[in-house]
Amino acid sequence: MYRLTPEMNETKRRILLQTAEYFAEQEGGAPHVEGGEEFPGSKACWDIFTSLRKANEPENKEENQDQSIREMLPCKPKAAQPVEQPSRFKWKTSLDEKFEFDFATSSPCDSIERIPWESSVKGVERSSSGSEGVFFVGFHGTPEAVVVKGSRNIAAETFAGLLAVKLGLETPVFRIISINAREAQSMLRAFRDSDPLGLAHTVLSKQGFLLLKNFVRGVDLSNIKEKDLQNIFGKIQDIGVSAQGQARFRELAKLLLLDVLCNNGHVCVDFVYDLIHMKYNRIGNATQHSDRFPLIWDNRGNPGNIMFARSDGQIIAIDNAICSLSEENFPEQRQEYLDKVEKLIQFTKRHTDEGTESPQFHRVRDKMIEYCNYDYTEQGSLALQRAFLDEVFSCEENFLQEDQLAEWHSALSSFDPPLVGLHNVNISFVVDIWQTMRQSAGV
């Protein structure tokens, strides 16, 4: 019987890896060049994120990474693996060793600003969900972990993430890394060495930029149970009464407000970047997709983008996105959306004053029942409506300053080549939505 020697196995692995890299470049991926310094835009975006996070962080917030303390939503350890069967060969090859990320024991890093990739990466595992390349990375000698993502909408995701922090929502710490920066090249080498199949290296090397995110100990709404939500929001008789329940409803209200400001419901427009004329060209019409809850758009929702912290059930904004409608390209759709925003605020205010559930928030409640068979009742909807309106009423008029949003946009515009998804970020659209909400509320 013909058998591969260890040397032949290693040669075969290298050939497969080189072939994958070649085809990645042919498909439009970034060329493999000697790593250079990071783009100024990366540091600018990181500085903006850290300053926003510091300004909006509660004074009494306690960072507790002690895993010995019981979590509200504990992660079950992986089931015991069956005894490994002896190999048909006399030796193990590198392809026999598969890294499995341990969600039960992994924890966020103290900092993601500087990571010694080539000396610390233990292994990398691709997420089983999501259409884009999302990889969980574990390190030697520590439970700390990070997430590396190749996003097809990185500019829009970053802008929406900054807006989430501005609203006071918890969101994973993140920063943008150019694929040609020394750090990215070091990261890819570490992934190639620690991942025998070369999947992470092949997928991520096709990207122009990567999103590095801190790991979050959380569970998304699609994997949560009714009894867990009772602990988070409270039992029917206690809904909106306990301090914890009020905090969770306020966080959910902020999440809904974020999606309204970002049109994350959402209408997506297809553009392609013209390298010759240095501009975006529209290649399709506005098409409706869905995300999170159908508050303003009547969509199917996405429970996978609603996460709760395992420690205390705090709501975490993940995979945020913005889809702006510019007045130049989509004047009618833009006005239609602003009309929807005005109607949302007017209906919510009127029904809340009357002590009844608005039709828009009833859809959110129905989706919660559909997702996990948990009904926070009309009393819960009223608590959510009050929290939502309070976010609009309590903010200062200049809460979303056009100058500050323009600073974010400037940082995102400073990359070369341009970040994918930049056309979805329109400052005037966000400002108009906020002003419409304030005026409709009578502020």
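A: In this predicted model, helix H2 takes in residues 40–56, which makes 17 residues, and reaches 25 Å from its first C-alpha to its last, close to the 24 Å expected at 1.5 Å a residue. The residues of H2 that count as buried are Gly41, Ser42, Cys45, Trp46, Ile48, Phe49, Leu52 and Arg53. Around the axis these residues cover an arc of only 160 degrees, which puts them on the same side of H2. On the other side of the helix, Pro40, Lys43, Lys54 and Ala55 are exposed. As for what the buried residues of H2 meet, they pack against helix H4 (154–166), strand E5 (174–178) and helix H12 (402–413).

The setting of this helix is a chain whose secondary structure comes to 13 helices and 13 strands. Of the 443 residues of the chain, 51% count as buried, and among the contacts with a separation of 6 or more, 75% are accounted for by residues 24 or more positions apart.

Helix H7 (residues 226–233) can be described in similar terms. Its buried residues are Asp228, Leu229, Ile232 and Phe233. They cover an arc of only 115 degrees around the axis, which puts them on the same side of H7. The partners against which the buried residues of H7 pack are helix H8 (243–261), E12, strand E13 (315–317) and helix H10 (359–372). After H7 comes Gly234, whose phi is positive, near 105 degrees.

In one of them, the ring centres of Phe101 and Phe136 are 5.2 Å apart and the planes stand at 35 degrees, so the pair is tilted. Phe101 lies in the loop between H2 and strand E1 (107–108), while Phe136 lies in strand E3 (residues 133–139), so the pair ties together parts that are 35 residues apart in sequence. Both Phe101 and Phe136 are buried. Another aromatic pair, formed by Trp297 and Tyr337, is stacked, with 6.0 Å from centre to centre and 20 degrees between the planes. Here Trp297 lies in the loop between strand E11 (287–288) and strand E12 (306–309) and Tyr337 lies in helix H9 (residues 331–354), so this pair ties together parts that are 40 residues apart in sequence. Trp297 is buried, with a relative accessible area of 9%, and Tyr337 is likewise buried, with a relative accessible area of 0%.

Aromatic rings also meet charged side chains. The charged end of Lys166 sits over the ring of Phe399, 5.1 Å from its centre, and Arg350 lies over the face of Phe347, at 5.0 Å from the ring centre.

Turning to cysteines, the structure holds 0 disulfides. Cys372 counts as buried at 8% relative accessibility, and Cys395 is buried as well, with a relative accessible area of 12%.

The remaining points concern the backbone. Most residues other than glycine have a negative phi, and most peptide bonds are trans. Against that background, Asn373 has a positive phi of about 60 degrees although it is not a glycine. Asn373 is placed in the loop between H10 and helix H11 (377–394), and this residue is exposed, with a relative accessible area of 51%. Thr377 is also a residue other than glycine with a positive phi, in its case near 65 degrees. Thr377 is placed in helix H11, and Thr377 is buried, with a relative accessible area of 14%. Finally, a cis peptide bond joins Asp416 and Pro417, with omega at about 5 degrees. Pro417 lies in the loop between H12 and helix H13 (427–440), and H12 is one of the elements against which the buried residues of H2 pack.

Conventions:
Residues numbered from 1 in each chain as written. Predicted model: local features only at pLDDT ≥ 70, side-chain atom pairs only at ≥ 80, totals over all residues. Heavy atoms only, no water. Helix = DSSP H or I, 4+ residues; strand = E, 2+ residues; numbered from the N terminus. Expected span 1.5 Å × (residues − 1). Buried < 20%, exposed > 50% of the residue type's maximum accessible area, 1.4 Å probe, protein only. Arc of directions from axis to C-beta. Contact = heavy atoms within 4.5 Å. Disulfide = S-S within 2.5 Å. Phe/Tyr/Trp six-rings, centres within 6.5 Å; stacked < 30°, edge-to-face > 60°. Lys NZ or Arg CZ within 6 Å of the ring centre and 35° of its normal.
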